[in-house]
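Please keep the sequence and the structure in view while reading.

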Amino acid sequence: MLVRMFDAGVEGPLGDVLELISRRAGGIDIEGLEVPVAAQLVEQCAEAERLLAALRVMVTATLHNKTVWRREGFRSAAAWMAAKTGTAVGPAVDALAMADQLVALPLVAEAFRAGRLSAAQAIEIADVASEAPEVQEQLLEAAGKLSLRGLREECQRVKASVVTDEDDRYRQVHRSRRVRSWVDKHGVGRLSARLTPDELARLVNEVDRRCSDMVVDAIRGGWFESREAHRADALVELARPDSAVPAGPDSMIHVVVDHEALMRGHTVTGERCEIPGIGPIPVTVARRMSEDAYLKLILTKGVDVIGVTHAGRTIPAHLRSALEVRDPTCIVPRCDMHRNLEIDHRSGFGRTQVTRLDELGRLCRWHHYQKTCLGYTYRGGPGTWEWIPPADRDVDLSPLRRIISRARRC
């Protein structure tokens with residue numbers, strides 16, 4: 001019934017649909033649901049939310065030149081919609097701007113109205129496709145495979161590849177740089193910064209370096225809270241008088257750049273020049289950064305590491321760099337963790353005694369624990385990774401693995 005909402009239009013029986021949903025939702029015994037039924041219900045709710053959100057945004061977009069929201073005392077249609085939904089005005093402004101862009105983007109509009117895209121996904125895609133309509137199909141396909149964060153990063157790459165003057169775009173971002181701070185209604189201090197990718201990478205790199213030292217001291221001293229909490233401590237420490245000490249060789253920023261692009265001085269479609277986990281940067285910026293000691297350039301046509309084999313467990317430097325380029329985030333589908341990733345030997349080094357690129361994968365700490373101690377595994381490769389649960393995922397194998405480890409040491 002929800003799928004027919006758009007065909008029904010404003011005059012359709014939406015009130016009857018809402019009444020039916022309210023009645024059915026109120027009568028569901030949530031605690032008594034079987035696991036497959038509960039999982040299916042979550043997916044159905046998500047689909048319904050996407051359909052209703054699309055209808056809400058598209059209808060609100062027709063009120064731009066109407067007086068309904070002015071009569072109720074609102075400054076804009078976005079503010080009126082935000083009040084009706086109990087959400088912030090910022091996302092409402094972005095959603096209505098996206099709705100205006102969809103007029104020239106039929107493929108994205110159709111996917112949004114059909115409930116295949118969330119409002120957040122549509123906003124990201126429309127922002128890029130409005131400048132390059134030919135990438136609609138490419139980004140719609142990516143939206144079906146990637147998480148929102150992964151889609152956002154893909155949109156950044158595509159946008160960087162279609163920009164006619166990447167240096168001019170970089171200068172525009174630099175001119176719009178800012179830092180804002182405020183205390184919210186809960187008494188929480190907030191900080192928001194707008195920086196160029198290389199400036200953000202330099203800042204984050206130094207914060208993470210200091211945070212790692214703090215975490216070691218905190219664990220030893222018994223006052224460890226969480227890594228994110230100590231990252232905040234590290235950021236505050238930058239403001240202290242002794243924070244001007246240079247980071248030294250421990251501070252390193254990786255830039256992935258195609259060799260031809262580096263030689264040419266700019267990228268073309270299909271090439272990339274980016275800081276993994278941060279975003280694209282102009283090749284000219286990469287060249288300028290290469291004058292500093294904190295930069296490592298990773299050429300995608302440099303050492304051929306695909307066939308490299310190493311007899312020891314230690315990961316060679318060029319193999320580690322290739323792995324960081326291949327797996328910028330945790331390889332588990334829809335896991336967007338890109339910090340503190342751990343290198344995993346897929347088949348177990350103790351069994352294969354081989355360290356090759358195709359035998360390695362980068363996992364976040366949680367998924368690495370699941371593979372090591374809970375029997376999970378994975379297969380495939382970049383773009384086709386599959387995360388495979390054990391037959392009995394409730395069995396914790398860590399005690400058995402500790403026994404095996406002690407036996408090996410003996």
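How many salt bridges does the structure hold? The structure holds 18 salt bridges, a salt bridge being a side-chain nitrogen of Lys or Arg within 4 Å of a carboxyl oxygen of Asp or Glu. This is a predicted model, in which local features need pLDDT of at least 70 and side-chain atom pairs count only at pLDDT 80 or more, while totals for chains, interfaces and linings use all residues. Residues are numbered from 1 along each chain as its sequence is written, and side-chain values use heavy atoms, with hydrogens and water left out.

**Terms for position and exposure**

- Helices (H or I, at least four residues) and strands (E, at least two) are DSSP runs, numbered from the N terminus.
- A residue is called buried under 20% relative accessible area, exposed over 50%, and partly exposed in between, with a 1.4 Å probe and protein chains only.
- Accessible areas come from the Shrake-Rupley method with a 1.4 Å probe, and for residues only the protein chains shown count as cover.

**Salt bridges**

- Side chains of opposite charge can pair when their charged atoms come close.
- R210 and E237 meet through their side chains in a salt bridge of 2.8 Å, N to O.
- Because R210 lies in helix α12 (residues 197-221) and E237 in helix α13 (residues 227-237), this pair ties together parts that are 27 residues apart in sequence.
- R210 counts as buried, at 9% relative accessibility, whereas E237 counts as partly exposed, at 22%.
- A salt bridge also links R365 with E342, and the closest N and O atoms are 3.8 Å apart.
- R365 belongs to helix α18 (residues 365-373) and E342 to strand β8, so the pair ties together parts that are 23 residues apart in sequence.
- R365 is partly exposed, with a relative accessible area of 46%, and E342 is partly exposed at 29%.
- The side chains of R379 and E386 form a salt bridge at 3.3 Å, N to O.
- E386 is partly exposed, its relative accessible area being 39%.
- Salt bridges that share partners join E206, R209, R210 and E237 into one network.

**The cavity**

- Rolling a probe the size of a water molecule over the atoms shows where empty space is left.
- On a 1 Å grid over the protein atoms alone, a cavity is a set of points where a 1.4 Å probe fits but cannot get out, and lining residues have an atom within 4 Å of a point.
- Grid points are joined across faces, edges and corners, and a volume is the space filled by probe spheres set on the points.
- A search of the whole structure finds one cavity of 30 Å³ or more.
- The volume of the largest cavity is about 60 Å³.
- Its lining consists of 10 residues, of which E153, Q156, R157, E274 and G279 lie nearest the centre.
- At least two lining residues each come from α10 (148-162), β4 (273-275) and β5 (279-280), and α10 gives the most, with three residues.
- The lining has four nonpolar, three polar and three charged residues; Ala, Val, Leu, Ile, Met, Phe, Trp, Tyr, Cys and Pro count as nonpolar, Asp, Glu, Lys and Arg as charged, and the others, Gly among them, as polar.

**A nonpolar surface patch**

- V179, L191, L203 and L235 form a nonpolar patch on the surface, and together they have about 350 Å² of accessible area.
- Such a patch is made of residues with over 30% relative accessible area and no salt bridge, nonpolar side chains (Val, Leu, Ile, Met, Phe, Trp, Tyr) being joined within 5 Å.
- V179 is placed in strand β1 (residues 178-183) and counts as exposed, at 58% relative accessibility.

**Loops and contacts across the sequence**

- L146 is located in the loop between α9 (136-143) and α10, and L146 counts as partly exposed at 30% relative accessibility.
- L146 and P333 are 187 residues apart in sequence, yet 7.6 Å apart in space, C-alpha to C-alpha.
- D336 sits in the loop between α16 and β8 and is partly exposed, with a relative accessible area of 22%.
- The C-alpha atoms of D336 and R149 are separated by 6.6 Å, although the two residues are 187 residues apart along the chain.
- R334 is placed in the loop between α16 (317-326) and β8 (342-345), and the phi of R334 is near 70°, a positive value in a residue other than glycine.
- Most residues other than glycine have a negative phi.
- R379 is found in strand β11 (residues 377-379) and counts as partly exposed at 45% relative accessibility.
- Between the C-alpha atoms of R379 and I331, 48 residues apart along the chain, the separation is 10.0 Å.

Definitions and conventions: 1 Å grid on protein atoms, 1.4 Å probe; cavity = no way out; pocket = protein on both sides within 12 Å on 5 of 7 lines; lining within 4 Å. Patch = residues over 30% accessible without salt bridge, like charges linked within 9 Å, V, L, I, M, F, W, Y side chains within 5 Å.
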